[in-house]
Amino acid sequence: MAKSASMSRQEMLAEIERLRAELALCRERGSGEAACGEAMEMEIEQLREARENAGVVSVIVENSPAVVFRRLADDTHRLVYISENLSQWGYSAADFLAGRKGFDDLLHPEDRKRVVDEIELCRLEAVEEYTQEYRIITAAGEVRWVSDETSVVTDGAGRRIYNQGVLVDVTASRRAREALEASEFKFRRTIESAAEGYLLLGADLTIREVNDAYCRMLGYEREELLGRRPHDFATLEYQRFLESNRERLRKEKGRRFEGSMVHRDGHVVPVLINANTLRDADGGFLGHVAFVADLTEQKKALNLAAEVQKGLLPRKAPSIPGLDVAGRSVPSELTGGDYFDYFEEADPDGPGLSVAVGDISGHGVDAALLMTTARGFLRMRAGQPGSPGQIVTEMNRHLAEDLYGSGRFMTLFFLRLEAGGARAQWVRAGHDPALIYCPVHDTFTELGADAGLPLGVLGETRYTEEAGDILPGQLLAIGTDGIWEARNPDGGMFGKERFKTVLREHAGDSAREIVDAVIEAVREHAGGAKLEDDVTLVVLKYGATP
């Protein structure tokens with residue numbers, strides 16, 4: 001019965017009929033042939049079961065998209081079996097089995113030689129199972145891709161007699177794969193030809209992939225960068241920033257920050273980094289991606305703008321008997337929107353002094369340009385007669401026209417000290433109040449009960465000044481919110497209480513030393529990170545010798 005496994009369904013039916021005829025003959029001969037009859041009945045039953053099983057398999061195959069075939073393992077490759085569902089490609093199985101159609105008729109002409117050569121190579125190397133992927137032409141002329149999984153059938157002597165296998169239409173998956181490959185190629189070409197540097201980092205922050213732009217940016221070959229960390233090529237200041245902000249940066253979904261790298265030849269390359277963490281659909285880690293822009297040219301332009309802006313700030317403090325004055329502005333970027341200025345006023349009884357501290361919303365080049373506009377008008381208007389309220393009112397009307405529709409505004413604290421310095425007038429236009437510290441009583445007082453609207457919001461707003469006395473020995477500080485709103489790597493603000501503590505501890509120092517101490521304390525609080533906002537401070541000490 002072993003041979004039944006290799007019989008076709010038709011061959012099984014013929015064999016059953018033959019055995020039944022022999023069984024009938026045995027019965028005619030009598031009971032002496034009973035043993036023979038029983039054996040034949042058993043064989044008939046086995047053949048019947050095999051026929052039924054073959055029928056089940058046939059139904060499954062014919063209703064499957066997979067085409068099953070068997071061909072001779074000789075030079076003819078003649079088909080001895082192919083399933084009827086070959087009709088899905090417009091062909092008749094009978095045509096192939098009768099030799100009216102052949103394997104060559106099915107193969108795409110451009111793939112024919114390759115497929116035949118691969119089959120021959122497998123035969124020569126005695127490969128018993130192999131998979132091929134090639135194109136076929138349907139009866140309607142349509143090109144389809146199929147996957148061919150073939151195995152070899154041998155006889156008892158080990159000779160190859162059949163190649164049998166399964167053909168599965170993989171056109172849809174093939175086209176999807178080709179589309180994905182085309183998309184990946186387009187993406188890679190985009191990355192490789194980008195002007196920005198591209199990095200793919202592993203969990204340990206070592207470089208896995210890098211494009212040509214990043215290599216050119218630092219002057220290294222690709223092989224010299226792979227396996228290294230960007231940290232290895234950073235300036236000392238940038239290394240400190242990365243170390244102190246490592247955990248915060250890891251937690252952020254998108255990271256955007258500036259840094260500075262060292263080129264192979266030693267010069268510093270300022271860079272802007274946009275980084276993110278890639279994850280798969282299940283949240284699994286794929287890598288850290290960073291796009292790095294070379295800011296060298298932009299920094300040159302900004303340095304020039306910063307030099308111009310720096311030249312607009314007071315070059316020296318006024319020299320007025322009984323007053324020690326100092327001011328300083330530190331932009332968060334190369335240019336900023338903070339502003340301070342001094343206006344000395346001639347008076348027969350002694351020189352007076354006006355001080356302005358302002359803050360344009362936002363920072364950067366656009367804020368710096370608006371600050372320049374505000375400075376020009378204020379210097380022009382402060383040189384003319386008028387009270388502080390009148391000066392600020394007219395400045396607001398002027399700025400409201402310039403800032404209309406931009407969403408920008410300016411806060412301002414304008415202070416005028418009368419000749420001799422004992423009497424003060426001030427206007428708050430949306431700015432934080434100035435602080436007066438009295439060392440004798442160790443107390444702080446805020447100047448400016450009325451905050452007022454920021455400049456540029458409503459052009460018809462009228463501002464009025466407040467007035468009060470400044471006592472000898474007192475210290476007056478006018479700052480911008482970049483001081484008390486400066487944050488450390490954990491997000492904690494510097495705060496006004498810390499600001500007051502620094503003023504108190506350095507109250508006996510000169511105005512310049514006090515200003516420097518405050519700014520240094522803010523920098524230390526920020527942990528070496530770039531300031532998020534401009535920082536400006538003016539300190540006046542009344543009754544002191546400048």
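Two strands count as paired if DSSP finds at least two bridges between them. In this predicted model, that criterion applies to the hairpin of β9 and β10, where five residues lie between the strands and Gly283 takes a positive phi near 90°. The points below cover the strands around that hairpin, an open sheet with its helices, and the nonpolar cores.

- Strand β9 (residues 268-279) pairs with strand β8 (residues 254-262) in the antiparallel sense, over nine bridges.
- For Thr277, the bridge partner in β10 is His288.

**The five-stranded open sheet**

- An open sheet of five strands runs in the order β12-β13-β14-β15-β18, and its pairing is antiparallel.
- β12 (338-345) and β18 (466-469) are the edge strands, each pairing on one side only.
- From one strand to the next, the twist averages 15°.
- Eight bridges join β12 to strand β13 (residues 352-360) in the antiparallel sense.
- Tyr339 stands opposite Gly358, a residue of β13.

**Helices on the open sheet**

- Helix α12 (residues 365-382) lies across β12, β13 and β14 (410-417), and runs at about 15° to β12.
- Helix α13 (residues 388-403) lies across β14 and β15 (423-429), with an angle of about 155° to β14.

**Nonpolar cores**

- In soluble globular proteins, nonpolar side chains tend to be buried together.
- The largest nonpolar core has 27 residues, of which Leu475, Ile483, Phe494, Phe499, Leu503, Leu537 and Val539 touch the most other members.
- At least two residues of this core come from each of β11 (323-330), β16 (434-438), β19 (475-479), α14 (495-505), α15 (511-525) and β20 (535-542).
- α15 supplies the largest share of this core, eight residues.
- Not counting residues up to four places away in sequence, Leu537 touches Ala326, Gly327, Arg328, Ala477, Ile478, Gly479, Ile483, Phe499, Val515 and Val518.
- Another core, of 25 residues, lies apart from the largest one, and its members include Ile207, Met217, Val271 and Ala275.

Notes. Residues are numbered from 1 along each chain as its sequence is written. This is a predicted model: local features need pLDDT of at least 70, side-chain atom pairs count only at pLDDT 80 or more; totals for chains, interfaces and linings use all residues. Side-chain values use heavy atoms; hydrogens and water are left out. A nonpolar core is a set of buried Ala, Val, Leu, Ile, Met, Phe, Trp, Tyr and Cys residues joined through side-chain atoms within 4.5 Å. Buried means under 20% relative accessible area, exposed over 50%, partly exposed in between (1.4 Å probe, protein chains only). Helices (H or I, at least four residues) and strands (E, at least two) are DSSP runs, numbered from the N terminus. Contact means heavy atoms within 4.5 Å. Axes are lines fitted to C-alpha atoms, for helices over the stretch in contact, and angles run from 0 to 180 degrees between N-to-C directions.
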